[in-house]
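Please look through the sequence and the model before reading on.

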Amino acid sequence: MQIRIGIENNIEGRTLAWALDHPGCFAYGADEPEALIKIPRALLEYEKWIKDHTAHPWVDFHDMDIRVVDRFETFCLNEDYTLALQGAGYEINAWFIDDWRPLEKNEIDQALKIFHWQREELLAGLTTLDPDILEKQFAGQRWNILGIAKHVANAELWYLSRLGLTQLIRKDLPPDPQERLSLTASLVDEHFPSFPGEVNVKGIDGEFWSYRKIVRRTLWHQRDHIEHIKQLAFRSE
């Protein structure tokens with residue numbers, strides 16, 4: 001089975017391998033070889049996770065033929081990388097040739113399933129973890145766990161805004177993390193079903209966006225921060 005991979009280099013000093021036909025599946029590495037070494041395990045874990053959530057899985061990875069089909073070097077518009085890390089620059093993330101490709105209805109149906117399974121996992125953490133853990137400030141972290149949850153919702157709103165799909169801005173979102181997540185989930189449910197068959201590509205602030213890129217990054221971002229929360233909640237200090 002051919003697995004098409006997009007490589008995004010220099011994303012927060014690491015390489016990110018995207019499974020382009022399987023949004024929500026990805027692997028990090030210190031460099032491209034390490035990310036590619038890790039992607040087969042990520043694919044198998046992704047397959048198991050989907051099969052744990054549905055009696056009708058759509059993935060069955062066997063005889064994996066992993067091929068890198070595109071590469072992108074992430075960069076900051078601000079040439080001073082130190083200032084960029086402090087928020088004075090804007091990071092331009094991967095635009096792959098595949099991001100031009102129109103989405104099909106079955107892809108959106110699957111993406112919405114994955115989105116909501118991820119969301120259930122995220123909300124389960126917020127409702128079962130000790131409140132002290134949720135509000136704890138961890139050394140070297142920008143946000144506590146509640147702040148990470150808000151950031152997930154903020155990013156979803158921002159992704160949709162790239163193609164003018166919402167006029168809401170961050171200050172319009174509820175302050176409560178769960179209410180904020182509920183609102184942005186409703187926006188995803190409202191807009192994702194309109195994506196199939198449409199080519200809508202827009203350049204904004206020096207970065208290209210499309211419906212496929214919004215789906216790709218939405219599922220990556222939520223999964224990435226679910227794992228982030230797990231690491232914080234269960235690490236010993």
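## Aromatic pairs

Rings of Phe, Tyr and Trp (its six-membered ring) form a pair if their centres lie within 6.5 Å, and a pair whose planes are under 30 degrees apart counts as stacked. In this predicted model, the structure holds 14 aromatic pairs.

One of them joins phenylalanine 195 and tyrosine 211: the ring centres are 4.1 Å apart and the planes stand at 10°, so this pair is stacked. The pair links distant parts of the chain, with phenylalanine 195 in the loop between helix H6 (177-191) and strand E7 (202-204), and tyrosine 211, 16 residues away, in helix H7. Both phenylalanine 195 and tyrosine 211 are buried. Elsewhere, ring pairs connect Tyr90, Trp158, Tyr159 and Trp209 in a cluster.

## Helix H7

Helix H7 runs over residues 211-234; at 1.5 Å a residue, its 24 residues should span 34 Å, and because its end C-alpha atoms are 35 Å apart, the two values agree. H7 is mostly covered, with 20 of its 24 residues buried.

Two arginines lie over tryptophan faces. Arginine 216 is 4.4 Å from the ring centre of tryptophan 18, and arginine 223 is 5.1 Å from the ring centre of tryptophan 49.

## The second largest pocket

The second largest pocket has a volume of about 250 Å³. It is lined by 21 residues, of which Leu20, Asp21, His22, Pro23 and Glu107 are the closest to its centre.

Strand E2 (14-19), helix H3 (105-128) and H7 each give two or more residues to this lining. H3 contributes the largest share, 4 residues. By type, the lining has 13 nonpolar, 3 polar and 5 charged residues.

Conventions
Residues are numbered from 1 along each chain as its sequence is written. This is a predicted model: local features need pLDDT of at least 70, side-chain atom pairs count only at pLDDT 80 or more; totals for chains, interfaces and linings use all residues. Side-chain values use heavy atoms; hydrogens and water are left out. The expected span of a helix is 1.5 Å times one less than its number of residues. Buried means under 20% relative accessible area, exposed over 50%, partly exposed in between (1.4 Å probe, protein chains only). Rings of Phe, Tyr and Trp (its six-membered ring) pair if their centres lie within 6.5 Å; planes under 30 degrees apart count as stacked, over 60 as edge-to-face and the rest as tilted. A charge sits over a ring if NZ of Lys or CZ of Arg is within 6 Å of the ring centre and within 35 degrees of the ring normal. On a 1 Å grid over the protein atoms alone, a cavity is a set of points where a 1.4 Å probe fits but cannot get out, and a pocket is an open set with protein on both sides within 12 Å along at least five of seven lines; lining residues have an atom within 4 Å of a point. Grid points are joined across faces, edges and corners, and a volume is the space filled by probe spheres set on the points. Ala, Val, Leu, Ile, Met, Phe, Trp, Tyr, Cys and Pro count as nonpolar, Asp, Glu, Lys and Arg as charged, and the others, Gly among them, as polar.
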